[in-house]
Amino acid sequence: MSDAGPVTRLVPQPAATVPLRGLYLEHDLRRLAEAAGRPYVVANFVTSLDGRIAVARTDGTGLTVPSNIANDRDWRLFQELAVQADLIISSGRYLRDYAAGRAQEILRVYDDPQFKDLRIWRADRGLPAQPALAIISGSLDFPIPAVLADGDRDVVIFTTEESDPARICELERQTGRVIIAGAQQVTGRGLVDAIASLGYRTVYSAAGPQVLHMLLADQVLDRLYLTQVGRLLGGASFSSIVEGGLLERPVDMRLHSLTYDAAGVGQLFMCYERLT
Ligand SMILES: NC(=O)c1ccc[n+]([C@@H]2O[C@H](COP(=O)([O-])OP(=O)(O)OC[C@H]3O[C@@H](n4cnc5c(N)ncnc54)[C@H](OP(=O)(O)O)[C@@H]3O)[C@@H](O)[C@H]2O)c1
């Protein structure tokens, strides 16, 4: 499935046939962040029709995005969102998987020729080559990859008051910055306030269901991007988009845009915006 070829925008009306390429660049997250005057936080997931975002690996090494729903057209849109970011949120789990060779670089516009236009998009705006990377972790149990320790990319680790001070010092030596943003858990409010004080505005969460719960619990998520692939997977061991306790306050979101992609089995690209 290549990322060439059009999609059908259903919302906002009137419906229209539009190119897939550029669909989410047009959302102009940087303008929204500027208008908000504070960190503007978006998250993105690809899910099966029965709500699976991750299923068990066959070798028993945890969960992974189901390969039968991951696809090039969704990946293109993932990159279009990532390229707009000042800061990408990821997790301790991501760095553990990265170290074990099970995860790839999040923003692929520098090493995948199909995203050359996105690399140019970022350069044209005078942005740093890579967005900064935020790692959320309570355990701090991960190695810092050489590409982060030796590179010029900003890395900020967000952790809790319960973290081992010696480990914090070690990570500070390697990456520069570790910020306490919660007592037993990093909180959405603590995270966003710290992000604001560091001067980042457009924030993209590429992390999973626990981080989404953290952002929802403090009502700091502005937009939720969901790709729903028309395929059911079943299975007993899986993740959905949110994991954690019942939210004290439900989060109300209004459909901002809906696009149908008929390629392959078909998928819906949805964007929801939090009602304030
Ligand atoms: N289909 C999709 O679109 C999609 C998107 C994202 C992720 N996924 C998949 O979902 C699975 C889980 O992803 P993930 O591990 O990145 O997601 P996650 O469940 O959001 O994050 C898990 C890790 O982040 C840290 N963490 C999360 N919330 C925290 C908090 N409030 N305070 C302190 N630490 C916190 C913890 O790290 P420590 O253990 O280091 O303390 C925890 O183990 C993976 O298989 C991933 O591939 C799928």
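Me: Which residues lie nearest the centre of the second largest pocket?

Reply: Remember that this is a predicted model. P128, Q130, P131, R153 and D154 lie nearest that centre. In total, 16 residues line the second largest pocket.

Me: What volume does the second largest pocket have?

Reply: About 260 Å³.

Me: How does its lining divide into nonpolar, polar and charged residues?

Reply: The lining of the second largest pocket has eight nonpolar, two polar and six charged residues.

Me: Now the largest pocket. What is its volume, and which residues lie nearest its centre?

Reply: The volume is about 1,600 Å³. The lining runs to 49 residues. Nearest the centre are S91, R93, A206, A207 and G208.

Me: Which elements give two or more residues to that lining?

Reply: Strands β3 (40-47), β5 (63-64) and β6 (87-91) do, and so do helices α2 (72-82), α3 and α8 (209-217). Helix α8 gives the most, with six residues.

Me: How do the residues of this lining divide by type?

Reply: The largest pocket has 20 nonpolar, 20 polar and nine charged lining residues.

Me: Which residues line the largest cavity?

Reply: Y94, L95, Y98, E105, I106, L133, P145, V147, L148 and R153. Helices α3 (92-99) and α5 (146-149) each give two or more of these. Helix α3 gives the most, with three residues. By type, the lining has eight nonpolar residues, no polar ones and two charged ones.

Me: On to strands. What is the order of the open sheet of three strands?

Reply: Read a sheet by its order, then by its pairing. Here the order is β5-β4-β12, and the pairing is antiparallel.

Me: Why is one side of β5 and of β12 left without a neighbour in the sheet?

Reply: Strands β5 and β12 (238-239) stand at the edges, and each has a single partner strand, so one side of each has no neighbour there.

Me: How many bridges join β4 to β5?

Reply: Two bridges join β4 (residues 54-56) to β5, and the strands run antiparallel. In one of the bridges, A56 has L63 of β5 as its partner.

Me: Which strands run parallel to β10?

Reply: Strand β3 is one, joined to β10 by four bridges. Strand β6 is another, with three bridges to β10. For specific pairs, Y40 stands opposite T202 in β10, and I88 has Y204 in β10 as its bridge partner.

Me: Are the faces of β10 covered or uncovered?

Reply: Both faces of β10 (residues 202-205) are covered. T202 and Y204 are buried on one side, V203 and S205 on the other.

Me: Last, cysteines. How many disulfides does the count come to?

Reply: A disulfide needs two cysteine sulfur atoms within 2.5 Å. The count comes to zero.

Definitions and conventions. Residues numbered from 1 in each chain as written. Predicted model: local features only at pLDDT ≥ 70, side-chain atom pairs only at ≥ 80, totals over all residues. Heavy atoms only, no water. 1 Å grid on protein atoms, 1.4 Å probe; cavity = no way out; pocket = protein on both sides within 12 Å on 5 of 7 lines; lining within 4 Å. Nonpolar A, V, L, I, M, F, W, Y, C, P; charged D, E, K, R; others polar. Points joined across faces, edges and corners; volume = space filled by probe spheres on them. Pairing = 2+ DSSP bridges. Buried < 20%, exposed > 50% of the residue type's maximum accessible area, 1.4 Å probe, protein only.
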